[in-house]
Amino acid sequence: MQPFNYHYFIGYVSQVTPQYVKIHFPSSTLLSKFVFSGEEFNGGLVGTYISIEGENYGFVGQLQEIEVPEKERLSLSETAFKNQEFHPTAKAEILLSFDLFDMGKVTKGANTYPTIGAKVFVCTREFVQKYVRGFGQKESEEILMDIGYLNSDNQTEVTASQQSFFGRHCAVVGTTGGGKSWSLSKLIEEARKNNTKCILLDPTGEYAELQGQHCILAQNAYFSYKKLTISDLFFLLKPSERAQAPKLLEAIKTLKTLEIAKVKGGLDSYFENGRDKNLLPKANRNKVEFVQFQRKYYEEIDSDELDFEIRYLARQIQYECIWEIDNKDSNSWGGRSEQDSANCISLVTRTNAFVNDRNYKKILGIGDVDDKQDLADMIVKFFDPDNKNTLLRIGFEKVGYDFNVREIIANALAKYLLNMARDKIFKQKPTIFFLDEAHQFLNKRITDDSFTAYSLNAFDQIAKECRKYGLFLCIATQMPRDIPVGTLSQMGTFLVHRLINFHDKEAIKQSCATANSSTLAYLPVLGEGEAILTGVDFPMPLLLKVSPPKEKPDSGTPQFKL
């Protein structure tokens, strides 16, 4: 593979700056299309990859701008243009440099620069392909992914290391209609081809036709509320910080205490004469035995788990609206507090509405779960060595938008995977967690009645710490400006489709240090399926056309009909 063959020669370096080099074409005929060794070349198109021959280093660049010098342009006639009797110039950006004596040794950018008069050649398909294939490759037999083709010729295959693509997390971004969903399907397809386990959180159901295991919340699966945390329940019910939150927490602790008593025995004196063991009316009753029992099992009771029967929560909140001490007996609870009861009316109403909502009972497994499976159990089974499935799609298409339940369940699910990662479940079997429409779930804050805001940050934690545990995050979004800066900056690889909004482009520019202004200038004009691939393990950004996946998502726009 010789990049400096005279058959590919197009010009000389005439100017060198830190940002670009200027190229002089001795003749405009060198810009014409030509064929050599069965390969077709376009010598003078914007986006063409070029190689520059230095003294000790070679350089790979990309043509960004081509023009006829002003002085020559003013004197050119129509005949001269027709006969190609002019001498154009071009600006090219240096993308990487390589050692002439060891061409596999690549560095990003240029630690040295070409000299004036250095020869410039068009890159062959084989030459570009060699470097693209090696991006991020640490081992000779590393698994590869077929992504698509270089946009400059639609023939040069882009085959990259899977480790380089997902090893530092990945983001697929682009406006609606740019091909983002197809790209996500393609990445899933390629990862599965390499026998990699993939979990896909599908908010809209557009990936329902993909082959694999499908868990659709509220249809064939539920995410048990017992897998949520006390913080998650607070997010759902939004108690005011001073008046309602203490009563809600006390009710939770009481119900957890009663569940422990059912299993381990105790507190029998509170349930004489056939009293319901699921609730504890406290007003004016002796509390000594109860408090002592709670001290004995304080670790289970103070844990963040929701190991109790949530159907009784609203009534228990009402039972907690009492005075802490009876004026006549310090060992007893006081009577009913009308002020506390009034303060908690809205909380009780919200709790009742939530627990009795038909949809959320199906989503969270409240009461009868019929023939549905617990999603947490399904995730565990998905990683069973005997399970040959490589895709677990978690569908949110049946999940409503009230109570912020979508965001909270997604965050709880991410937290569940985060804890699995910390337990080193994925260490020997690295897994990719795909999150579509990421802007719906990241950077979310829940506000309670007192306008106190709480952040849902499980995805951010996965991005920051799970790479070392073998859980890799791949997010897809049409609004990168809505993704937390901390999460976006953890993405090592970007596949960027068309972006028009200024703030979206700025978000990518700030988070993706490996991209440059010349490359990002293509973003508003990218066609459907076209994207810029750039990342930490990619020494140079690539303008490419992503190959369509075999299994396509249902992302088309419905057509108007007569």
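Before the first entry, I wrote down a rule: a crossing is left-handed if the near helix is turned anticlockwise from the far one by less than a right angle, and right-handed if clockwise. I also noted that this is a predicted model, where local features need pLDDT of at least 70, side-chain atom pairs count only at pLDDT 80 or more, and totals for chains, interfaces and linings use all residues. Residues are numbered from 1 along each chain as its sequence is written, and side-chain values use heavy atoms, with hydrogens and water left out.

**Entry 1: α14 and α15**

I looked up how α14 passes α15, and the crossing is right-handed. Helices here are DSSP runs (H or I, at least four residues), strands are too (E, at least two), and both are numbered from the N terminus. The axes of α14 (residues 375-382) and α15 (residues 405-422) come within 12 Å and cross at roughly 40 degrees. Axes are lines fitted to C-alpha atoms, for helices over the stretch in contact, and angles run from 0 to 180 degrees between N-to-C directions.

Which residues of α14 and α15 meet? I found L375, A376, I379 and V380 on the α14 side, and L413, Y416, L417 and M420 on the α15 side. Contact means heavy atoms within 4.5 Å. The residues of this contact are 8 nonpolar, no polar and no charged. For these classes, Ala, Val, Leu, Ile, Met, Phe, Trp, Tyr, Cys and Pro count as nonpolar, Asp, Glu, Lys and Arg as charged, and the others, Gly among them, as polar.

**Entry 2: α6 and α15**

Next I checked α6 (residues 230-237), which packs against α15 at an angle of about 170 degrees, with the axes 10 Å apart. So α6 is roughly antiparallel to α15 (the word is for angles over 145 degrees). From α6, D232, F235 and L236 meet V405, I408, N411, A412 and K415 in α15. I got 5 nonpolar, 1 polar and 2 charged residues for the contact of α6 with α15.

**Entry 3: the largest pocket**

A pocket is an open set of points on a 1 Å grid over the protein atoms alone, with protein on both sides within 12 Å along at least five of seven lines; lining residues have an atom within 4 Å of a point. The largest pocket holds about 460 Å³ of space. Of its 22 lining residues, G177, G178, G179, S181 and S555 are the closest to its centre. By class, I noted 3 nonpolar, 14 polar and 5 charged residues in the lining.

Technical notes: Angles under 35 degrees count as roughly parallel, over 145 as roughly antiparallel, 65 to 115 as roughly perpendicular and the rest as oblique. On a 1 Å grid over the protein atoms alone, a cavity is a set of points where a 1.4 Å probe fits but cannot get out, and a pocket is an open set with protein on both sides within 12 Å along at least five of seven lines; lining residues have an atom within 4 Å of a point. Grid points are joined across faces, edges and corners, and a volume is the space filled by probe spheres set on the points.
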